[in-house]
Amino acid sequence: MIEFIAPPCLGHIDILFQDEHLLIINKPSGLLSLSGKNPLNIDSVHYRLVKDYPGCTLVHRLDFGTSGVMLVALNKQINGLLTQQFQNGLVEKTYTAILLGEMPSHQGEIKLPIAKDDFPLMKICSATGKAAHSHYQVIDSEHITGGLQVTKVTFTPITGRTHQLRIHSQQIGHPIIGCDLYPIGQSQSLASRLMLHATSLSFIHPVSGERMNTQCISPF
């Protein structure tokens with residue numbers, strides 16, 4: 001497989017919240033979360049932030065093409081406490097996505113186990129896959145050029161598997177527009193970016209104990 005080389009990202013990281021313990025940011029589409037081994041892939045969320053926030057670490061990641069809310073710890077202790085919340089299911093997230101076609105119902109559940117495939121792909125596998133659960137709710141639908149129909153949805157991932165929303169969408173026949181890894185038909189060519197945005201993030205502040213609810217409006 002040809003190694004992926006990220007094109008230059010002109011988008012900026014917006015700080016949505018910060019204190020002495022953590023940052024909540026809006027990541028632009030087209031920016032890696034972490035720098036790759038190839039020096040051509042050095043630009044990333046971490047590469048940019050560590051210049052101003054030495055010692056910062058990413059608590060979780062968003063895919064290269066995904067934009068939206070990310071949580072960044074400013075020291076290892078805070079990272080550990082926040083990571084525990086992710087592991088214990090205390091962090092709630094929603095995403096906005098645009099899918100190809102018309103969804104079969106206004107809302108629904110997708111429960112399909114996910115396993116590793118040939119890197120960087122994942123696959124649905126009942127034998128070796130880990131349980132994966134996504135909830136969707138339709139926001140709107142419309143017809144676009146060429147007579148194709150697309151549907152905007154809110155995704156709530158109950159679990160947090162790699163590529164979960166992308167592969168779950170593909171498996172039910174409604175891939176996310178602009179997705180290069182799990183396309184169906186023309187779905188990849190219908191947008192210049194992955195139409196997936198992390199819209200909200202809710203967690204408990206590890207020091208104050210306050211429930212933090214951050215919203216980041218989708219650009220599409």
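Modeller: First, a term: a disulfide means two cysteine sulfur atoms within 2.5 Å of each other. Keep in mind that this is a predicted model, where local features need pLDDT of at least 70 and side-chain atom pairs count only at pLDDT 80 or more, while totals for chains, interfaces and linings use all residues. Residues are numbered from 1 along each chain as its sequence is written, and side-chain values use heavy atoms, with hydrogens and water left out.

Searching the whole structure turns up zero disulfides. Cys 9 is in none, as the nearest cysteine sulfur, in Cys 216, sits 14 Å away. Cys 9 counts as buried (under 20% relative accessible area, with exposed over 50% and partly exposed in between, using a 1.4 Å probe and protein chains only), because its relative accessibility is 13%. For Cys 125, the closest cysteine sulfur is in Cys 179, 20 Å off, so that is too far for a bond. Cys 125 is buried too, at 16%.

Now to strand E4, residues 67–73. Strands (E, at least two residues) and helices (H or I, at least four) are DSSP runs, numbered from the N terminus. Seven of the seven residues in E4 are buried, so the rest of the structure largely encloses it.

Who are its neighbours? Strands pair if DSSP finds at least two bridges between them. E2 (residues 22–27) pairs with E4 antiparallel, over six bridges, and Leu 23 faces Val 72 there. E3 (residues 57–58) is also antiparallel to E4, with two bridges; Thr 57 has Ala 73 as its partner. E11 (residues 196–204) runs parallel to E4, joined by two bridges, and Gly 68 stands opposite Ala 198.
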